[in-house]
Amino acid sequence: MKKYLWPSIKLTLLLVIVLGGLYPLFLAAVAKLAPGKGDGVTVTHNGRVVGYENIAQKFTDDKYFQPRPSTVDYNAASSGGSNKSAGNPDYLKTVQARIDTFMAHNPDVKKEDIPAELVTASASGLDPHLSPEAAYVQIPRVAKLRGIPADRLKQLVDANTKPPVLGVLGVATVNVLKLNIALDDLK
Amino acid sequence: MTTEILGVIATYGITLLLAWPLARYIVKIFRGERTWSDFMAPLERLFFKISGINPHEEMNWKQHLKAMLTINLVWFVYAFFALMFQDKLPLNPDGNPGQSADLAFNTAISFVVNCNLQHYSGEAGVTYFTQLFVLAFLQFVSAATGIAALVVVFKAMKEKTTTQLGNFWDIFLKTITRILLPISIVIALIFIFNGMPASFAGKDTVLTMQGDTVNVSRGPVAGFVAIKHLGTNGGGFFGANSAHPLENVNYVTWMTEMVAQVVIPIAMVFALGMFIQRKKFAYVIFGIMTIGMICLLIPSMQQEMAGNPEIAKMGIHQATGAMEGKEVRFGPAATGYWSTVTTIISTGSVCGWHDSTMPLTGLMQLLGMMLNCFYGGCGVGILNYYIYIIIAVFISGLMVGRTPEFMGHKLEAREVKIAALITLLSPFLILAGTALSSWVLSHHPDINWAVKPSAWLNNPGYHGFSEMLYEYTSANANNGSGFEGLGDGNIFWNVSTGFVLILGRFLPIIGPVAIAGLMASKKYVPESAGTLRTDSLTFGAMTFAVIVILTALAYFPALALGPIAEYFSL
């Protein structure tokens, strides 16, 4: 073992410098050319930064489209999900409460039409997206409160829907923050 | 729904397309042929010169293992102290504290052994210094360790009779400079241009649309996530791992991470055939591994896309499947695929929480880690499969009444004993660990030198048992994923899984290297009509049967108490 100790220590030091130091520094330098300059992509509205494109934020007002439930209260200084198992009785009560709340705020929606993602917590707690269906289902509420025709809102959701990659791989998503900004800009 | 499945198929297809040329490249490097990456040679020579290493000195299998274990010990000591005193080191913009001794012990071991079981959360438990100079560094070198050990076995299988199996330092360093580093840079660039953070900026504070003040953790994420997957490590930069929108931005980064984590394990299988010039042998192995993966994959995807039956009872339609602990941009099919791949190949990164997946999906995840040989982790996957081959050769030999031979060498008592011990090691570590934690939980729920065991479990009933079983299975398989609801950030779990990690890593590397080394030093027996053909489909099926029977015998009772019972109770 002794024969290998010094070579091990020296090789470790050299590799720490290259892999721990130079590699991320090189990437940080290249990232200056990328969207967000490597600091994360932000969204600006009316001249001020209102958030990060890919970090969900809370919208409590019914006049806005609402993102998925978060177990970290949309606080991006941490992240995580509920880790509740499928049959956990306490967890199922939470889901039932979310269904009831949703029904109370969206009286026009039938229960079986509520997309599962609106009553289940996301994995990161920061999921910035909804499926188009989960945005559509909120249209009657937003339309009523804002006095905007529902089909106008549907066009808005469709305009803010990002299709699957190349149209065929993966899922279509709606970014809730961008949708709500577009909603405020409808005047 | 169709586009989700197409996405999964396309991702696997891209992986295969890339694995083939990568395998040819890997073989060229370890045969010492000329490649485009020869411009790295001066740097390698400089490193060897400073370190006082002669890269042309041939080593036997024992010297390989000694060198490998020594440098791993150096990494552990370095990582342990750096993590404990990270608050006093630079690059800590968020002011995070140092780790406690037991947590630093667990974290250091976990990253040294390529596992990345994280009993801390990336946002608050480590600093940028330890993320980069300790954890990302270990992600490179631990993957290179596994590949270097496998290349020794390749060399031993190729030669007729030899004790000269190449130079550990040479194989190890070239794995980093020629394979891991260049590919990681390409992957990281894809991430960066999809908007993944890569700078050293600390937490940002923003005023949201409705006027809340929130903090957003950031950091040098892209480079970390690249090697995290390429090296089948799996440790997340953030707590939410690859479910975090800054660690896995969109479907393109999802596909990239997915390809990155499985491309080397598949390429190593192809490389095996090319290196020892027995391509059919490798194709049969690849076929068996792929069939194994598909057997685990289909139930997982089906279960996740079908949704949670308990939520269906409440009258919710779940057209998009079971969404608890999943992200909309990936969906249930992609998350199911990821959960299978990440458990069979020992990555252990997640893009949706395994704790919240359906019981049968959890069963498939546990099986994936217990088998740990369908493609498997960087290098070590084939080493695990190699042990099953040895057992299969031995049993076949008994069945036909001949002295078993493998690759032109007699397989004798010593090699079979080693293989048998390695086979028994995993069930022993997993089941003894789970039994110990269950005993502490039920008999001493109020001891307070750790967190109270009565508060360990995040879920009641069968699933609670599964949480403990999963943790030891993951530690033994050096996987690193978890049923993360388990309260594992305490002395009991840090120490007990720490020891399982060490044993579950190094013995399954030492075993195959020793067997291969011992066999290669024996007299070469040319193949004859009576030789058992190890490149036939029959032998492939035999190996598959050995794998299935050994696993079922060892784990069925524990699995019946956990995910299987849970499935029938929903």
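Two residues are counted as in contact if their C-beta atoms, placed from the backbone, lie within 7 Å. The views below show a predicted model, in which local features need pLDDT of at least 70 and side-chain atom pairs count only at pLDDT 80 or more, whereas totals for chains, interfaces and linings use all residues. Residues are numbered from 1 along each chain as its sequence is written, and chains are lettered from A and ligands numbered from 1 in the order in which they are written.

**View 1. The side of chain A that touches chain B.** The contact takes 88 residues from chain A and 98 residues from chain B. On the side of chain A, the elements that give two or more residues are α1 (2-31), β2 (48-52), α2 (89-105) and β3 (129-130), helices (H or I, at least four residues) and strands (E, at least two) being DSSP runs numbered from the N terminus. The largest share of this side, 21 residues, comes from α1(A). By class, this side of chain A has 46 nonpolar, 31 polar and 11 charged residues, where Ala, Val, Leu, Ile, Met, Phe, Trp, Tyr, Cys and Pro count as nonpolar, Asp, Glu, Lys and Arg as charged, and the others, Gly among them, as polar.

View 2. B:Gly52, which follows α2(B), has a positive phi near 70°.

**View 3. The crossing of α6 (residues 128-158) and α14 (residues 380-400) in chain B.** The axes of the two helices come within 8 Å and cross at roughly 45°, these axes being lines fitted to C-alpha atoms over the stretch in contact, with angles that run from 0 to 180 degrees between N-to-C directions. That makes α6(B) oblique to α14(B), since angles under 35 degrees count as roughly parallel, over 145 as roughly antiparallel, 65 to 115 as roughly perpendicular and the rest as oblique. In α6(B), B:Gly146, B:Ala149, B:Leu150 and B:Val153 meet B:Val380, B:Ile382, B:Leu383 and B:Tyr386 of α14(B). The residues of this contact divide into 7 nonpolar, 1 polar and no charged.

**View 4. The hairpin of β1 (residues 204-207) and β2 (residues 213-216) in chain B.** β1(B) and β2(B) pair in the antiparallel sense over 4 bridges, two strands being paired if DSSP finds at least two bridges between them. B:Leu207 has B:Thr213 of β2(B) as its bridge partner, and B:Gly211, in the turn of the hairpin, has a positive phi of about 95°.

Methods:
A residue is buried if 20 or more other C-beta atoms lie within 10 Å of its own, exposed if 12 or fewer, and partly exposed in between; C-beta atoms are placed from the backbone.
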